[in-house]
Amino acid sequence: MSYSDNIVAMATPPGTGAIAIIRISGPEAIALVSKHFEPIKPKDLTKQKSHTIHLGHVVHQEKVLDKVLVSIFKSPNSYTGENVVEISCHGSPYIQQQLLQLFLRTGCRMATAGEFTLRAFLNGKMDLSQAEAVADLIASDSEASHEIAVQQMRGGFSNEIQKLREELLNFASLIELELDFSQEDVEFADRTQFNSLLKRISEVLKKLIDSFAIGNVIKNGIPIAIVGKPNVGKSTLLNALLNEERAIVSNIPGTTRDTVEDQINLGGINFRFIDTAGIRETQDMVEKIGIEKTFDKIENAKLILFLFDGLDYDLKELEDLKGKYPNKEVLPICNKVDLLTIVERDQIQSSVSDLLFLSAKDRTGVPELEQKLSSLVVSGALSGDSTIVSNSRHYDALLKALEEIQKVKEGMDMGLSSDLMAIDIRQALYHLGEITGSVTTDDLLGNIFSNFCIGK
Ligand code: GDP
């Protein structure tokens with residue numbers, strides 16, 4: 001598929017900068033720029049080689065608008081696969097607007113959100129999951145989410161899916177061929193080989209599906225619940241971690257009625273801290289709702305920080321918590337260490353194992369807690385170089401594909417006829433193709449690319 005029109009957009013964010021870049025893509029990109037470009041060394045821009053840079057002035061009606069560098073990328077060796085020109089101009093908003101308007105008057109139209117990447121996809125420069133990774137890469141705000149996006153952009157699991165899909169497609173055509181000879185009871189598709197392919201596909205799909213839990217968590221932040229009786233200092237700890245006054249701090253028990261969440265980045269990982277209402281018995285309806293929410297939040301958290309006040313504690317609650325969530329990691333923390341004597345401290349230390357002491361108020365022990373969090377979670381969640389799926393659209397398609405593959409397998413085991421099996425195989429092919437973009441609809445593409453920024 002190729003477009004006949006030329007698109008233009010700023011590739012750099014709005015506002016003043018040292019340099020701004022205007023990008024033009026389309027069949028006439030180079031010719032259009034050439035109309036307004038006067039190179040320092042006289043030359044015909046349209047005759048220059050791909051991947052070259054040229055210094056000169058952009059001139060309109062004999063008026064110099066700016067001194068710029070023009071980079072040329074010729075089709076098909078460009079980001080979009082079309083002719084592409086990038087003009088690096090001085091970063092004043094006035095110059096940017098002047099140049100943009102000039103090219104809009106000269107045969108370009110404004111690119112829609114994600115249109116450069118959409119064209120790259122439609123011209124076969126990247127598959128759909130790679131195109132989506134471009135958006136993830138731009139949005140990534142931590143080392144881990146950046147790593148996942150880079151891996152996906154380089155092909156990641158979509159290459160593997162594409163290969164398996166081709167093998168499945170092969171079998172599908174053999175099985176469909178059997179339909180033409182249904183009277184003769186022949187089998188073109190070797191059932192043993194087919195079985196082993198289905199097994200391989202299921203294994204790959206399952207592995208990718210499982211990785212989503214980690215991928216999603218890295219992209220959206222690892223949820224950590226801070227739990228403890230009212231007034232033990234949960235909100236103060238959250239503020240200390242956030243370095244901001246965001247949660248409500250007061251010494252009236254039960255102030256934190258609703259949950260407060262915020263993200264902080266520790267050692268390259270985003271953590272989502274959830275300050276929860278205390279889990280005490282209460283008659284207050286509003287607080288009761290808050291406490292129920294607490295249980296939901298704990299259920300979803302990767303780690304529970306159990307906070308208690310060193311001057312007034314009841315370790316039964318810690319035991320209850322561990323009993324209620326036997327599979328969750330609970331980290332006991334004794335707060336308000338600034339108010340404790342050494343004897344009191346030792347006494348607490350001897351009754352709780354793996355305990356951390358801190359003072360949320362003066363930040364003593366907070367850096368140690370941060371350290372502990374990153375090492376705990378990072379070692380568990382990010383170990384190995386396994387492929388990670390972080391996109392919920394892919395996750396959904398993987399689940400559906402696995403479901404269909406399992407149906408095909410069951411059909412084989414039951415000796416289902418080729419025509420019925422062919423229907424399930426086609427469904428599986430469809431969902432696998434949705435990931436790489438071998439199967440697309442306009443709605444799907446519109447939905448994906450409209451989430452991009454203009455100029456990408
Ligand atoms: P929450 O109900 O668990 O969220 O508790 P808050 O964070 O609202 O804190 C309750 C009271 O304890 C406030 O008056 C805080 O200033 C005080 N507080 C919290 N952390 C510390 C600490 O480390 N040392 C001391 N001395 N007071 C603290």
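Phe306, Phe308 and Tyr313 form one aromatic cluster. You're looking at a predicted model, where local features need pLDDT of at least 70, side-chain atom pairs count only at pLDDT 80 or more, and totals for chains, interfaces and linings use all residues. Residues are numbered from 1 along each chain as its sequence is written, and side-chain values use heavy atoms, leaving out hydrogens and water.

**Exercise 1.** Find how many aromatic pairs the whole structure has, and classify the pair phenylalanine 308 and tyrosine 313.

*Solution.* Start with the rule: rings of Phe, Tyr and Trp (its six-membered ring) pair if their centres lie within 6.5 Å; planes under 30 degrees apart are stacked, over 60 edge-to-face, and the rest tilted. Searching the whole structure gives four pairs. For phenylalanine 308 and tyrosine 313, the centres are 5.5 Å apart and the planes sit at 50°, so this pair is tilted.

**Exercise 2.** Decide for phenylalanine 308 and tyrosine 313: buried, partly exposed or exposed?

*Solution.* Buried means under 20% relative accessible area, exposed over 50%, and partly exposed in between (1.4 Å probe, protein chains only). Phenylalanine 308 has 4%, so it's buried. Tyrosine 313 has 31%, so it's partly exposed.

**Exercise 3.** Which ring does the charged end of arginine 23 sit over?

*Solution.* The test wants NZ of Lys or CZ of Arg within 6 Å of the ring centre and within 35 degrees of the ring normal. Arginine 23 has its charged end over the ring of phenylalanine 116, 4.6 Å from the centre. Arginine 345 lies over the face of phenylalanine 357, at 4.4 Å from the ring centre.
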